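I set out to record what can be read from this model, entry by entry. I begin with the chain as a whole and then turn to sheets, cores and single residues.

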Amino acid sequence: MAFAFYLKSAFRNIWSGKRQSLIYFLGFFISITAIISLSVWSSTSEDLAITDFMSDLDFELRVNSYLPHRIPEIKEWLDSDSLVDSTALVRSNIAFFNAENKVPDYRFLPLNNQDDMSNPIGLSTLLLVSNNTITRISKQFTVNGEFKLTGNDTLISESVALQLEVIYNQTIVPGMKVNMSICKKSTDFGIKLYQYEPKHFYNITIRGIYKAIPGITMLQSTYSQDFIEDSAIFLTKNLNIDDIDRMDENGLTPILVVKLNAKLLTEDGVNEIIPKIELLTDQLILAQTSSLPAILNAPLNDLEEAFKKTNVYVFILLPVIILGILQTLFSTNIVLEKKENEIQLLKQFGGQKSQIIGIFILEFLIIILIALSCSIITSLFIAAIIPAFGTQQLTWLTFSTYIQNLSISIIPVLLSISTIIIISMIYAIYKIDRILVSEVSEREQKFRNKIQKWILFAFLIATTLATIVLLVVFGIIYGKDFNYEYSFTLELAQKGSILFIILIALIVLLAICASVGLISLLGRSKWFYNTFLGKNGFFVRSNLRNSRFKFSPILLILLIVTSTTFFSMTVLSSLNQNEIDTAYYNQGADLRISTHNVDRSFAKTLSDIDGIDEVMPLMKISAKLASPELRQGYVSIYGINVSQFIKIGRWDDTSFIYSDDIMSEDYSDYTHIDWLNRLEMVANGTLISDSLARRFNLKVWDTVILSDLPLEAYAKSDVLTVVGIIHSAPGLGLSSEGNFALDQLNPYYLIVHDEKIFNDYGVPATDLFFASITEDANLEEVETEISSFSTIIEVNSPLEYVSFGEGYVFRYVPFIETFFIAQIVLVNIIGLLVILTNIDFILSQRKINNAILSALGNSHRNLAWMVSSELLVINFVTLFVSALIAFPMALLCLLLTKPFLLERVILPLRYSVNFIWLGAIIVFILGAPLLSIIPSLLRVKGEKVAESLQPTV
């Protein structure tokens, strides 16, 4: 019976105080909706990205064996495991073209000096695969023709097609027939035809001519970039069992590749993918002791790391959560202030403190449940819309896919919601208790309030100082980890996020401390108010200084909103400018021309186009870096024409970074021109990555050894002299990290002379040219003319700078800039809502004061001017103080949290302020509060003075 009474009373109070209830509802609704939306979006995005990723990945596991004859047995064991979807055998070898009529001792190496250069042999690497494997790897290639095989046909790379054009003296197109010879033996030192035991196949149809799309896949991690770019693909079933046996006898054993069941592999989340595969390999090794399994860790780790990195972006929305909590507290305060008379009345009628508290707490809980129900429904739609900011488009397909695959992390959501509810309930109980305490004298109550304020202020100061100390300590500790790092791992990103959280907390704390201090200072300058506000100065000063119902909540909210907005806008502007600068730098020159594999002489064709000044072909190979000091690992080798690259390259002052730990002070004044001229002077010279130099303690004039050079190279190794150490290069990006957007697959690159790659390594073709245009040329017209050539793929195409795993994550997860924009928008919306409700409440509380002024002859216009003046004082002070807080904090953020803000640093992150955005937000901060007072002033204008002076019962 008692509960029914409480429930009935609560519903009656909610209905009778609809406006106050709506205020409280909105406070909770916004906070809870933000939390649930982020959780649903994060969990669902992870599931969808994993599904896309696993369906596109060719294979997750490969298996070799030191007893090759056991591979069929290993394959049978794997096929019986429920986690395995399919298995296939892949063989690598060498293929000849136009070798069918050559004598066995025909010498074909070097390719540019064979026994019969009037009718030469073509040479390529070869992949022997099944139809199932063709299907699995098809997404790794673009193809002219069809990427499929049926029987007596083949697929060839663009590089092989270029060779065949020279051999047959005609353009190679899909559908043509060639003769191909498959080797049954391979040797590193063979230069005669018979040494490879070729088997000839006649009238083979070229089904397609392909170009590899860079990525971390099993195929591309098993075979080198040069192997794939200079290769042919043939069906294993075209060879008979004797041919296969002969290959096995000669050591050309197959690799067993394994495709796992995506549903079983991913059902427990991205964190459990690799452990499941590791469990399978452990079981395989126990059952088949000769097996040598290798997991494709790189893309799986890349996906997991990409998700964890994007998850820390949620910290950018921390001010939204803080303001949501403050909005809830302010809403609670407004509701209870307006119900003060009701609370006192219940006490006078004999209500116990616990009963009164129970009625109002139940009322709040009912509103919270309603808000929670509405938030859940709203959050599902918001979560489904968020991916549109990642893909830059919203379609019904993506929306419906999201809705159909919704998932949520229950525990974090429950903890967050419970925390907000508990904080609100504790504050509500405290506030009701304060209202019910009437035994204390007014003087004693003022004394207690003063003590509480000083305690609170002391706590704020102590917390702020502790946060500053924390920032200094973590900044020093993590700063050491960030030194000389240009590509940031998940661990560094998480450390950067900790510093970012501390900075956000410090901004909020400084804003709160400033609001406390300003409240007591704003009303002290009597001269200022009298001079600029005239007779109204007294009333404005009185309201700011002594009024019980002054705009202190407005000042607090404005300081938090403005400080965080200025801070985020500055960081965002700096990120956008860095993105623009980096994109300009990565393009390399006025024109970045991507082609099919063509001879470097195509540069002459391009240079004949009106408007083009100079053209530089960029020569590329990959090789292994090996020396007594270095362990083996693939690197990219880029060949440049030094004099051309100096002229047309978009070099930056930081392309070469002087550092006394890897270079002596003699080089401190060197520019990129000086370093490139050193390369020009040393025929066998190379520029190497600064991170490579640090890792292996390499200095200028040290040597590095290259091995595993292309098949065309007669010598299989080479010695290079380090003539300089480079940080990054225009068009090539960072020299110490793979970059798929720039076709840089290996972790390091070296720069050499283009003539070395052409003459010493026997590579005449390339697929990338840099060019400059003349001063009077129209860039768009030049681009259009270049694009008319059939060999051109793209001219100045946008370079999307994301890693393999990130490519899938960012289908559903917006970039970091979107989070900053969302924070700015949401903070200002919530702030405006809090300001509106508080202004309305404060002005309604001033009703009697305003009525007295009206009775004394004060006009409504003058009242509006007084309130506007009061708000303008607060607004201008807020803007000034916020600038003092936000702009230095933004600079610290750029200096300390780079791993959180960026994936990598190609160009330094420079401080930038967008004054147009800044001006727009200043206008909003000044104008929004002034506009928000209009409804309240209109309501005051409509009230009669006598009614306003009547006491409220």
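The entries below follow the order in which I looked things up.

**Entry 1. The chain as a whole**

I note at the outset that the model is predicted. I counted the elements of the protein chain and found 36 helices and 22 strands. Of its 953 residues, 53% are buried. I then looked at contacts between residues at least 6 apart in sequence, and 82% of these join residues at least 24 apart. The accessible surface of the protein chain comes to about 42300 Å². Carbon and sulfur atoms account for 60% of that surface.

**Entry 2. Cysteines**

How many disulfides does the structure hold? I found zero. Cysteine 183 is buried, because its relative accessibility is 0%. Cysteine 374 has a relative accessibility of 31% and therefore counts as partly exposed.

I next examined β5, residues 153-157. Five of its five residues are buried, so the strand is largely enclosed by the rest of the structure. I checked the two faces separately. Asp153, Leu155 and Ser157 lie on one side, Thr154 and Ile156 lie on the other, and all are buried.

Which strands does β5 pair with? With β7 (residues 198-212) the pairing is parallel and runs over five bridges. With β8 (residues 231-235) the sense is antiparallel, and two bridges join the strands. Isoleucine 156 takes part on both sides: in β7 it stands opposite isoleucine 209, and in β8 its bridge partner is alanine 232.

**Entry 3. A four-stranded open sheet**

I traced an open sheet of four strands in the order β12-β21-β11-β22, with antiparallel pairing. Which strands stand at the edges? They are β12 (612-617) and β22 (792-795); each has a single partner strand, so one side of each is left without a neighbour in the sheet. The twist averages 25° from one strand to the next.

Within this sheet I looked at the pairing of β11 (residues 591-599) with β21 (residues 765-773), which is antiparallel and extends over six bridges. Aspartate 599 stands opposite alanine 765 of β21. Helix α5 (residues 158-168) lies across β11 and β21, and its direction makes an angle of about 55° with β11.

**Entry 4. Nonpolar cores**

I recalled that nonpolar side chains tend to be buried together in soluble globular proteins. The largest nonpolar core here has 104 residues. Phe567, Val571, Phe820 and Leu901 have the most contacts inside it. Helix α22 (residues 552-587) gives the most to this core, with 14 residues. I also noted a second, separate core of 43 residues, which includes Phe53, Leu61, Leu155 and Ile274.

I followed leucine 901 in more detail. Apart from neighbours within four places in sequence, leucine 901 is in contact with Val571, Leu575, Ile816, Phe820, Cys893, Leu894 and Leu909.

Serine 882 lies in helix α32 (residues 860-896). I found it buried, because its relative accessible area is 0%. Beyond its neighbours within four places in sequence, serine 882 contacts Leu558, Leu559, Thr562, Ser563 and Phe566.

Leucine 926 is placed in helix α34 (residues 915-932). Is leucine 926 buried or exposed? Its relative accessibility is 18%, and the cut-off for buried is under 20%, so leucine 926 counts as buried. Not counting residues up to four places away in sequence, leucine 926 touches Asn875, Phe876 and Leu879. I also looked up threonine 878, which is 48 residues from leucine 926 along the chain; their C-alpha atoms are separated by 9.7 Å.

**Entry 5. Two asparagines with positive phi**

I recalled that most residues other than glycine have a negative phi. Asparagine 203 has a positive phi of about 55°, and asparagine 796 has one of about 50°. Where does each lie? Asparagine 203 lies in strand β7, whereas asparagine 796 is found in the loop between β22 and α29 (804-809). Asparagine 203 is partly exposed, because its relative accessible area is 48%. Asparagine 796 has a relative accessible area of 16% and is therefore buried.

Methods. Residues are numbered from 1 along each chain as its sequence is written. This is a predicted model: local features need pLDDT of at least 70, side-chain atom pairs count only at pLDDT 80 or more; totals for chains, interfaces and linings use all residues. Side-chain values use heavy atoms; hydrogens and water are left out. A disulfide is a pair of cysteine sulfur atoms within 2.5 Å. Buried means under 20% relative accessible area, exposed over 50%, partly exposed in between (1.4 Å probe, protein chains only). Two strands pair if DSSP finds at least two bridges between them. Axes are lines fitted to C-alpha atoms, for helices over the stretch in contact, and angles run from 0 to 180 degrees between N-to-C directions. Contact means heavy atoms within 4.5 Å. A nonpolar core is a set of buried Ala, Val, Leu, Ile, Met, Phe, Trp, Tyr and Cys residues joined through side-chain atoms within 4.5 Å. Accessible areas come from the Shrake-Rupley method with a 1.4 Å probe; for residues, only the protein chains shown count as cover.
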